[in-house]
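This briefing is for a reader meeting the structure for the first time. Please look over the sequence and the model, then go through the topics below.

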Amino acid sequence: MDKIERYAEILDSAALHARATPQLTHTDPDLSVADAYLVQKLSVDRRLSRGERRIGVKMGLTSRAKMLQVGVDEVAWGRLTDAMLLEEGASMSRARFVHPRVEPEVAFLMKAPLSGKVTAMEALAAVEAIAPAMEIIDSRYENFKFALSDVIADNTSSSGLVIGQWNDPAKDFSNLGVILEIDGHVIEVGSTAAILGHPLRSLVAAARLVAEGGEEISAGDIVMAGGITAAPNLAPGQTVRTTIQGLGSVMFQVED
Ligand code: OOG
Ligand code: MG
């Protein structure tokens with residue numbers, strides 16, 4: 001088995017059993033970003049071969065708040081499957097995760113494919129709808145610590161997503177107020193502008209990066225634009241809600 005396959009198996013199994021694993025770069029400091037994306041693809045392929053279905057892609061590290069929180073300052077993308085999707089208002093089981101955190105995000109629903117170098121106008125024309133959303137991230141690495149190649153190999157920590165109501169993308173969503181509440185307390189506030197200045201820029205970057213990986217964003221795909229604020233830890237018993245000005249709100253609960 002070559003090292004790419006071995007790493008993919010380690011990360012897939014860490015996610016499956018909710019057990020943290022040491023950073024790959026601790027023993028392989030030269031692990032390249034290109035190889036890390038191969039590990040990500042193979043590890044998600046393992047999920048697909050167990051019956052999970054691809055539903056889209058996510059962007060990560062598209063805001064300064066996130067870059068500062070984890071100490072990695074380059075945008076990266078990951079793959080989403082149907083097993084990660086949580087119904088709006090539903091409960092997630094804390095036990096299925098290593099050390100989950102939540103981030104307020106914007107989700108795009110695509111009505112046309114998008115691939116390679118596109119303009120913001122072209123990206124917008126391919127969007128069917130936008131929604132307030134949250135991503136549950138759960139690094140498979142010990143202490144939630146990683147370098148760029150580690151986090152890319154680990155499918156950019158993706159482990160869950162919740163999507164609120166879909167809105168017409170014709171409305172201006174460049175700078176909408178965002179509030180993340182846990183149990184009714186405001187934990188983080190921000191603006192959709194935190195996502196690369198405009199969430200559409202994240203979609204433009206997604207089209208390019210996904211194409212570099214030999215794939216494309218397809219009609220029907222969900223694209224998560226990236227966390228708007230720092231991501232707080234989740235604990236059993238919490239009710240978590242994100243509200244985006246003019247787009248509505250989205251919530252879920254955490255159980256044991
Ligand atoms: C990396 C994933 C970051 C985002 O939205 O910025 C991410 C992490 O923080 O674990 O999903
Ligand atoms: Mg995210």
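## Briefing

E135 has a relative accessible area of 0% and is therefore buried; buried means under 20% relative accessible area, exposed over 50%, and partly exposed in between (1.4 Å probe, protein chains only). This is a predicted model, in which local features need pLDDT of at least 70 and side-chain atom pairs count only at pLDDT 80 or more, while totals for chains, interfaces and linings use all residues. Residues are numbered from 1 along each chain as its sequence is written, chains are lettered from A and ligands numbered from 1 in the order in which they are written, and side-chain values use heavy atoms, with hydrogens and water left out.

**The magnesium ion (ligand 2)**

- The protein donors of the magnesium ion are E103 (OE), E105 (OE) and E135 (OE), at 1.9 to 2.0 Å from it.
- Donors are N, O and S atoms within 2.8 Å of the metal (3.2 Å for Na, K and Ca); water is not among the atoms, so sites may look incomplete.
- Along the sequence, the donor residues follow the spacing E-x1-E-x29-E.
- Helices (H or I, at least four residues) and strands (E, at least two) are DSSP runs, numbered from the N terminus.
- E103 counts as buried because its relative accessibility is 3%.

**Ligand 1**

- Ligand 1 is surrounded by 17 residues, and the closest are K58, L61, E103, S157 and G227; a residue is near a molecule or strand if one of its heavy atoms lies within 4 Å of it.
- A polar side-chain atom of K66 is 2.7 Å from an oxygen atom of ligand 1.
- For E105, a polar side-chain atom lies 3.0 Å from an oxygen atom of ligand 1.
- For E135, a polar side-chain atom lies 3.0 Å from an oxygen atom of ligand 1.
- Taken alone, ligand 1 exposes 310 Å², and the protein buries 100% of that; accessible areas come from the Shrake-Rupley method with a 1.4 Å probe, and for residues only the protein chains shown count as cover.

**Helix α7**

- Helix α7 (residues 199-212) has 14 residues and should span 20 Å at 1.5 Å a residue, which agrees with the 20 Å between its end C-alpha atoms; the expected span is 1.5 Å times one less than the number of residues.
- The buried residues in α7 are P199, L200, S202, L203, A205, A206, A207, L209 and V210.
- These buried residues of α7 pack against elements including β1 (54-60), β2 (76-81), β5 (101-110) and β6 (127-137).
- After α7 comes G214, whose phi is positive, near 80°.

**W77 in strand β2**

- W77 is placed in strand β2.
- With a relative accessible area of 2%, W77 is buried.
- Among the residues that W77 touches, not counting those up to four places away in sequence, are K58, L209 and V210; contact means heavy atoms within 4.5 Å.
- W77 and G226 are 149 residues apart in sequence, and their C-alpha atoms are 9.2 Å apart in space.

**T239 in strand β11**

- T239 belongs to strand β11 (residues 239-244).
- T239 has a relative accessible area of 26%, so T239 is partly exposed.
- Leaving out residues up to four places away in sequence, T239 touches E181, I182, D183, M251, F252 and Q253.
- The side chains of T239 and Q253 are joined by a polar contact of 3.1 Å.
- A polar contact is a pair of N or O atoms within 3.5 Å; within protein, one must be able to donate a hydrogen and the other to accept it, and residues adjacent in sequence count only if both atoms are side-chain atoms.
- T239 and A211 are 28 residues apart along the chain, with 37 Å between their C-alpha atoms.

**Loop residues**

- D28 sits in the loop between α2 and α3 (33-49), and its relative accessibility of 12% counts as buried.
- A polar contact of 2.7 Å joins the side chains of D28 and Y7.
- D154 lies in the loop between α6 (148-153) and β7 (158-163), and D154 is buried, with a relative accessible area of 3%.
- N143, in the loop between β6 and α6, has a positive phi of about 60° although it is not a glycine.
- At 64% relative accessibility, N143 counts as exposed.
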